[in-house]
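Grab your viewer and try each task before you read on.

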Amino acid sequence: MRRVVITGMGAVTPLGNDLATTWQALLLGQSGVRPITRFDVSDYAVRIAGEVRDFALDSAVDPREARRASQYVRYALNASLEALRHAQLDTTTMDRERLGVIILSALIAHTAWHWMLERGEALLKFPFPTINAAFAASAMRGLMALGSDE
């Protein structure tokens, strides 16, 4: 079995738009489930969901590139950038072949997650000179074809 080290984490969730806020809400036993606000639910029996609220794009992401990405990719970009900052890795001196990113989303099938863990593989690997948000957005669009924006 391969060993991995989690060096950084990031989160964009219905409980908060960063790891600290999400963790604090979890510790307090809060729920992120509230009435749906993104579309008219009058024709549906279910009218509650866990929506991300008050989201602001990370300033490191090029807004022009973000406009071409789905909202879900924007969430993943923010969480990925937070994880990279949280890890405090110096990507200029480290072996980039050993850097990987695992994107966990409620939209990723449970079986795909288990398959990935069993094989010890990350969804995205970054052996690039720099971790570039524009490239990451393009890569995530290709990997996470999530359909249309809300």
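Rings of Phe, Tyr and Trp (its six-membered ring) count as a pair if their centres lie within 6.5 Å; planes under 30 degrees apart are called stacked, over 60 edge-to-face, and the rest tilted. We're working with a predicted model, where local features need pLDDT of at least 70, side-chain atom pairs count only at pLDDT 80 or more, and totals for chains, interfaces and linings use all residues. Residues are numbered from 1 along each chain as its sequence is written, and side-chain values use heavy atoms, with hydrogens and water left out.

**Exercise 1. Aromatic pairs**

Task: Find how many aromatic pairs the structure holds, then classify the pair Phe39 and Tyr44 by centres and planes.

Solution: 
- Step 1. The count comes to three aromatic pairs.
- Step 2. For Phe39 and Tyr44, the ring centres are 6.0 Å apart and the planes sit at 80°, so this pair is edge-to-face.
- Step 3. Now for burial: under 20% relative accessible area is buried, over 50% exposed, and in between partly exposed (1.4 Å probe, protein chains only). Phe39 has 47%, so call it partly exposed; Tyr44, at 48%, is partly exposed.

**Exercise 2. A pair across the sequence**

Task: Work out the geometry of the rings of Phe55 and Tyr75, and say which parts the pair ties together.

Solution: 
- Step 1. The centres of Phe55 and Tyr75 are 4.9 Å apart with planes at 75°, so we have an edge-to-face pair.
- Step 2. Phe55 is in the loop between β2 (48–49) and α2 (63–67), while Tyr75 is in helix α3 (residues 71–87), so the pair links parts 20 residues apart in sequence. Helices (H or I, at least four residues) and strands (E, at least two) are DSSP runs, numbered from the N terminus.
- Step 3. Phe55 is partly exposed at 21% relative accessibility, whereas Tyr75 is buried at 9%.

**Exercise 3. Salt bridges**

Solution: 
- Step 1. Arg85 belongs to helix α3 and Asp58 to the loop between β2 and α2, so parts 27 residues apart in sequence are tied together.
- Step 2. Arg85 is partly exposed at 47%, but Asp58 is buried at 14%.
- Step 3. Glu51 and Arg53 form another, at 3.6 Å, N to O; Glu51 is buried at 8% and Arg53 partly exposed at 22%.
- Step 4. Glu65 and Arg68 also form a salt bridge, their closest N and O atoms being 3.3 Å apart. Here Glu65 is buried at 7% and Arg68 exposed at 56%.

**Exercise 4. Around Thr22**

Task: Say whether Thr22 is buried or exposed, and which residues it is in contact with, leaving aside neighbours within four places in sequence.

Solution: 
- Step 1. Thr22 sits in helix α1 (residues 19–27) and is buried, with a relative accessible area of 7%.
- Step 2. Beyond those neighbours, Thr22 is in contact (heavy atoms within 4.5 Å) with Ala11, Thr13, Leu15 and Gly16.
- Step 3. Zoom in on Gly16: its backbone oxygen lies 3.2 Å from a polar atom of the Thr22 side chain.

Note on methods. Polar contact = N/O pair within 3.5 Å; in protein donor to acceptor, adjacent residues only side chain to side chain. Salt bridge = Lys/Arg side-chain N within 4 Å of Asp/Glu carboxyl O.
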